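User: I'd like to learn how to read the sheets, the domains and the ligand shell of a model like this one. Could you walk me through it?

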Amino acid sequence: MESTRKQLINILEKQKEHISGQELSDQLNISRTAIWKHMNELKKDGYQIEAVQRKGYKIISYPDKISENTLQWGLETSWIGKELHHYDQVESTQAIAHRMAKQGKPHGTVIVADEQVKGKGRMSRPWHSPKGKGIWMSLLLRPELAPIQAPQLTLLAATVLAELISHYSELDPKIKWPNDILVNHKKISGILTEMQAEQDQIQYVVLGIGINVNQEEDEIPEEIRHKASSLKIESNKTWEVQTVIQHILRLFEQTYDQYLDSGFEHVKSIWEHYGYRIGEEVKISTMKRSWKAFLVGIEPDGALLARDDSGNEEKLYSAEIHW
Ligand code: BT5
């Protein structure tokens, strides 16, 4: 059952003109005094509401502050973010998503935080997630896929982020295998996919997305400043975090549905279109050897395909690539 507040917001959102207190009270089946109290609460939350005598109420502007309501407002997705949890500060949205997965929360549940104090990357590396400056978000997915296909979801998510940046700015994003989004050779986003699986079936996947959005240069930790950046630094404009989250969720849903319908081929070609140094020669070292290779593209199991001078192709899962 939707809360009265949510229903009220829904009605106001659809309204082009003012709507009278009486009409709201009829539709929601609550008293006019209760409507008035809700309006005051909304104003406290940063909604600007115009109240005109004999005409009624109308929303003039929405709060800047991110909340569950404002994120869901106008989201227009069919399954992602139907259940959405927003926090001011968390240790890591990944941990919350795992907990929610175990509680049985549905496919498409989204966890967003303004700040993470123990944000993490792969192999427990730290992920810097300062307050209000970026997108720190985890998606809970329950795909009917085999565990071996899970890396495809990371690759898919990377294409969504690259497409989005490319669409909403003049920037030229690149996807560095396996999971970094670079702009002008600097990392502005990382993806962390964690999975719980039984032999041949994924139980759930927690897909963590971190994007540096509005940091200034001096807000990037000094030790990573040479290799990390933000959308703002690179584009010279401030981005509206909330709008970017909504775009990501919409495009993610669309891309994911298409992927389930028609397979990985489409994701692969978009990935390769944005792939960093794909089609170029790089130096690669593994435990066994070090050689020069031409990067061909990605494989359905998430491997990076490289070809050496004699035409031998090799699938790389973990190797040091001298980008
Ligand atoms: C990643 O790991 O790139 C995955 C990052 C995933 C973060 C999201 S945020 C929401 C969710 N909740 C979490 O707790 N995590 C996910 P990896 O490829 O291992 O990169 C980590 C490395 O990137 C670090 O060792 C630093 O060198 C660098 N780094 C740390 N914070 C950064 C930042 N904000 N921007 C760019 N680089 C960063």
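**Reading the sheets and the ligand shell**

Analyst: Start with the open sheet of seven strands, whose order is β3-β4-β5-β9-β8-β7-β6, with mixed pairing. Strands are DSSP runs of E with at least two residues, helices are runs of H or I with at least four, and both are numbered from the N terminus. Two strands pair if DSSP finds at least two bridges between them. At the edges are β3 (84-90) and β6 (174-176), each pairing on one side only. From one strand to the next the twist averages 20 degrees. Before going on: this is a predicted model, where local features need pLDDT of at least 70 and side-chain atom pairs count only at pLDDT 80 or more, while totals for chains, interfaces and linings use all residues. Residues are numbered from 1 along each chain as its sequence is written.

User: How many bridges join β5 to β9?

Analyst: The general idea: strands of a sheet pair through backbone hydrogen bonds, either parallel or antiparallel. Here, β5 and β9 run antiparallel and are joined by eight bridges. Ile135, for one, has Ile211 in β9 as its bridge partner.

User: Which strands does helix α8 lie across?

Analyst: For that, call two residues in contact if their C-beta atoms, placed from the backbone, lie within 7 Å. Axes are lines fitted to C-alpha atoms, for helices over the stretch in contact, and angles run from 0 to 180 degrees between N-to-C directions. Helix α8 (residues 241-262) lies across β4 (109-116) and β5, at about 30 degrees to β5. Helix α6 (residues 150-168) lies across β5, β6, β7 (180-183), β8 and β9, and runs at about 150 degrees to β8.

User: Why is one side of β13 and of β14 left without a neighbour in the sheet?

Analyst: They belong to an open sheet of five strands, ordered β13-β12-β11-β10-β14, with antiparallel pairing. β13 (313-316) and β14 (320-322) are at its edges with a single partner strand each, so one side of each has no neighbour in the sheet. The twist in this sheet averages 45 degrees from one strand to the next.

User: Which residues come nearest to the ligand?

Analyst: A residue counts as near a molecule if its C-beta atom, placed from the backbone, lies within 6 Å of it. Of 28 residues around the ligand, the nearest are Ser92, Gly121, Gly190, Gly208 and Gly210. Elements giving two or more residues to this shell are α5 (93-102), β5 (134-141), β8 (186-198) and β9 (201-212).

User: And how are the domains laid out?

Analyst: An automatic or database domain assignment sets the bounds: domain 1 (4-61), domain 2 (68-274) and domain 3 (281-322). The C-alpha centres of domain 1 and domain 3 are 60 Å apart.
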